[in-house]
Amino acid sequence: MARVFSGIQPSGVPTLGNYLGAIRNWVPMQNGDESLFCVVDQHAITVFQNPGELASATREMAASLIACGLDPDRCVLFVQSHVPAHVRLGWIFNCIARLGWLNRMTQFKDKAGKDREAASTGLYVYPNLMAADILAYHATSVPVGDDQRQHLELANDIAQKFNHDYGVEFFPRIEPMILGVAARVMSLRDGSKKMSKSDPSDQSRINLTDDADTIALKIRRAKTDAEPIPDHMAGLEARPEARNLVGILAAISGTLPENILREQGGKGFGAFKEVLVEALVDHLSPIAAEMKRLLNDPGAVDAALHKGAARAAAIADPIVAEAERLVGFLPPR
Ligand code: AMP
Ligand code: TRP
């Protein structure tokens, strides 16, 4: 059974997009020490984070992962900065990856924007640390959204060059598990933009912390067109907002968009949205309630994370120590 690793940044409250596109798919992959899920705070500070907020955002992200079904006793749930093996291997990978490889990364270009000279050097080497996150555990299965595909290809290039330069077969090949296109949730305000925790408009997303009234309001205000819901898939073409809402209802109900159209076809958006609100509230309110309950006892969440970090370090430390030995570092003891 392949070891699984995935990560999520604590750069805000997780959205319905994070839930349907990533977190929900991690829940059935739990398999003790063979499944690691990491809140990547070191990746988050590649763009400035308010220091007063980062620690609580990290704890909240962990609580929401637990509320969504990750069980700290059935997987390894931890915070990146608690396990120094990541940056130790990350430094070695900074020396393996080539400038030319990083120059091709589209996420850097997107995040750095027009003023590339002003981007942090951390944002530039971000994919090297991501490769280290995974390879410090010799993990080979990495469930992520499609936006991470290029970073995983880079991680494989790094692993191969390390093996080649040092004449070893040390790092394994990573198999990306790109989660279905149906799981790409779009903004409620603009069907051509990804739903994102960093979008300036809160109306553009459903947060996992939203209460029933907020969910109802956001869905009722969500952008639509004037046509009724079609009764077949071709009728969704060139209707990104309709396609998104139908996709959300299908994903949250555990069925296919085809089946939703069979049931809802012909309805106006007013009636359709009420069905969607009910499904979302039914599914998400227990998660929000559990998150609230967990955060009433922050000490318990922190204790679970500290246990997770110790288990993670027990796996990563010998692997990273061996990488350091292969590079030629004098053993520390
Ligand atoms: P991030 O929010 O960038 O830390 O992403 C965490 C995970 O959620 C990654 O696997 C992303 O691919 C996934 N993800 C983020 N936004 C969406 C979205 N709108 N739809 C589907 N998956 C998403
Ligand atoms: N870069 C990922 C994102 O933005 C988060 C991440 C960091 C990650 N390290 C990882 C994902 C390792 C998978 C494996 O979504």
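**Entry 1: the largest pocket**

I take a pocket to be an open set of grid points, on a 1 Å grid over the protein atoms alone, with protein on both sides within 12 Å along at least five of seven lines. With that in hand I looked up the largest pocket in this predicted model, and I noted a volume of about 1,300 Å³ for it. I then went through its lining of 45 residues, where Asn18, Gln107, Asp147, Gln148 and Lys194 are the closest to the centre of the pocket. Sorting the lining of the largest pocket by class, I have 18 nonpolar, 18 polar and nine charged residues.

**Entry 2: ligand 2**

Where does ligand 2 sit? I found ligand 2 in the largest pocket, with 13 residues around it, of which Gln9, Tyr126, Met130, Asp133 and Gln148 come nearest. I looked next at the N and O atoms of the side chains. For Tyr126, such an atom is 2.7 Å from a nitrogen atom of ligand 2, and for Asp133 I also recorded 2.7 Å between a side-chain N or O atom and a nitrogen atom of the ligand. In the side chain of Gln9, an N or O atom is 3.4 Å from an oxygen atom of ligand 2. On its own, ligand 2 has 370 Å² of accessible area, and I noted that the protein covers 90% of this.

I then traced the shell around ligand 2 back to the secondary structure, and I found that strand S1 (4-8), helix H7 (121-135) and strand S4 (141-144) each supply at least two of its residues. H7 gives the most to this shell, with four residues. By class, I divided the shell around ligand 2 into seven nonpolar residues, five polar ones and one charged residue.

**Entry 3: the cavity**

How many cavities of 30 Å³ or more does the structure hold? I found one, and I put the space in the largest cavity at about 40 Å³. Its lining, as I listed it, is made of Met105, Gln107, Phe108, Leu123, Tyr126, Pro127 and His151. Helices H6 and H7 each supply at least two residues of the cavity lining, and the largest share, three residues, comes from H7. By class, I counted five nonpolar and two polar residues in this lining, with no charged residue.

**Entry 4: Arg293**

Last, I looked up Arg293, whose place is in helix H12, residues 269-295. I found its side chain joined to that of Glu290 by a polar contact of 2.9 Å. I also noted that Arg293 and Ala67 are 226 residues apart along the chain, while their C-alpha atoms are separated by 9.2 Å.

Note on methods
Residues are numbered from 1 along each chain as its sequence is written. Chains are lettered from A and ligands numbered from 1 in the order in which they are written. This is a predicted model: local features need pLDDT of at least 70, side-chain atom pairs count only at pLDDT 80 or more; totals for chains, interfaces and linings use all residues. Side-chain values use heavy atoms; hydrogens and water are left out. A residue is near a molecule or strand if one of its heavy atoms lies within 4 Å of it. A polar contact is a pair of N or O atoms within 3.5 Å; within protein, one must be able to donate a hydrogen and the other to accept it, and residues adjacent in sequence count only if both atoms are side-chain atoms. Accessible areas come from the Shrake-Rupley method with a 1.4 Å probe; for residues, only the protein chains shown count as cover. On a 1 Å grid over the protein atoms alone, a cavity is a set of points where a 1.4 Å probe fits but cannot get out, and a pocket is an open set with protein on both sides within 12 Å along at least five of seven lines; lining residues have an atom within 4 Å of a point. A molecule sits in a cavity or pocket if more than half of its atoms lie within 2 Å of its grid points. Ala, Val, Leu, Ile, Met, Phe, Trp, Tyr, Cys and Pro count as nonpolar, Asp, Glu, Lys and Arg as charged, and the others, Gly among them, as polar. Grid points are joined across faces, edges and corners, and a volume is the space filled by probe spheres set on the points.
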